[in-house]
Amino acid sequence: MARCGACSSTIIFGGAKAGSQQFCNNNCLQRGQLLAASRQLPDDLVRAKTAEIYRGVCPKCQGPGPVDVQMSYRIWSALFMTQWVSRTKIACRSCGRKQQFLDTLFCLFLGWWGFPWGLIMTPVQISRNLGKMFGSENLEPSPNLENAVRIWLASNPGAMQSPAWQSAGKLTG
Ligand SMILES: [Zn+2]
Ligand SMILES: [Zn+2]
């Protein structure tokens, strides 16, 4: 099954295409294009900034890190319409778990009410949240974090001077 070129979630149905790459949706497609444009940034700069953010303070709760991209998944339906999204936040694991828990409730209440995709995709989105909540912890910055930092640096030249965590909260997808 294809993986999203921006957030590396598995694409089950639908999604957006650009050239040979596939993305969850247009949001991820835009991120993918920014990512392609940011490939010329020096790798060591990106890696240093990524490590700084990873070891820094959580931009959400100001608690100790490690800080990384926390994914969570939502779905809502209304009769014949169903929409599902992957959400990203730069935060610590415990903030991530909170978000995944809230998004699981969101799915449980709002996901089912569409035919057929609500019934098919709600368990998928819920199991993605649960997988993230109970999955093993990253011991180093994820590729998603590095991508987010790359995009952030490419789109904010001033970011290279600012303390990483102050701006890290803006690194959302
Ligand atoms: Zn994606
Ligand atoms: Zn936090």
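Modeller: A term to start with: donors are N, O and S atoms within 2.8 Å of the metal (3.2 Å for Na, K and Ca), and water is not among the atoms, so sites may look incomplete. This is a predicted model, where local features need pLDDT of at least 70, side-chain atom pairs count only at pLDDT 80 or more, and totals for chains, interfaces and linings use all residues. Residues are numbered from 1 along each chain as its sequence is written, chains are lettered from A and ligands numbered from 1 in the order in which they are written, and side-chain values use heavy atoms, with hydrogens and water left out.

Biologist: Great. What spacing do the donors of the zinc ion (ligand 2) follow along the chain?
Modeller: They follow C-x2-C-x30-C-x2-C. The SG atoms of Cys58, Cys61, Cys92 and Cys95 are the protein donors, lying 2.3 Å from the zinc.

Biologist: And which parts do cysteine 58 and cysteine 92 tie together?
Modeller: Cysteine 58 sits in the loop between α2 (43-55) and β3 (67-78), and cysteine 92 in strand β4 (residues 81-92), so the pair connects parts 34 residues apart in sequence. Helices (H or I, at least four residues) and strands (E, at least two) are DSSP runs, numbered from the N terminus.

Biologist: Are those two buried or exposed?
Modeller: Cysteine 58 and cysteine 92 are both buried. Buried means under 20% relative accessible area, exposed over 50%, and partly exposed in between (1.4 Å probe, protein chains only).

Biologist: Now ligand 1. Which residues coordinate that zinc ion?
Modeller: Cys4, Cys7, Cys24 and Cys28 do, each through SG, at 2.3 to 2.4 Å. Their spacing in sequence is C-x2-C-x16-C-x3-C. Cysteine 7, in the segment before β1 (16-18), and cysteine 28, in helix α1 (residues 26-37), link distant parts of the chain, 21 residues apart.

Biologist: Why does cysteine 7 count as buried?
Modeller: Because its relative accessibility is 4%. Cysteine 28 is buried too, with a relative accessible area of 6%.

Biologist: Switching topic: how many residues are in the largest nonpolar core?
Modeller: That core has 27 residues, and Cys4, Cys28, Ile53, Ile90, Leu145 and Val149 have the most contacts inside it. At least two residues each come from α1, α2, β3, β4 and α5 (143-155). The biggest giver is α5, with five residues. By nonpolar core I mean a set of buried Ala, Val, Leu, Ile, Met, Phe, Trp, Tyr and Cys residues joined through side-chain atoms within 4.5 Å.

Biologist: Last one: where is tryptophan 117 found?
Modeller: Tryptophan 117 is in helix α4 (residues 117-134). Tryptophan 117 counts as partly exposed because its relative accessibility is 34%.
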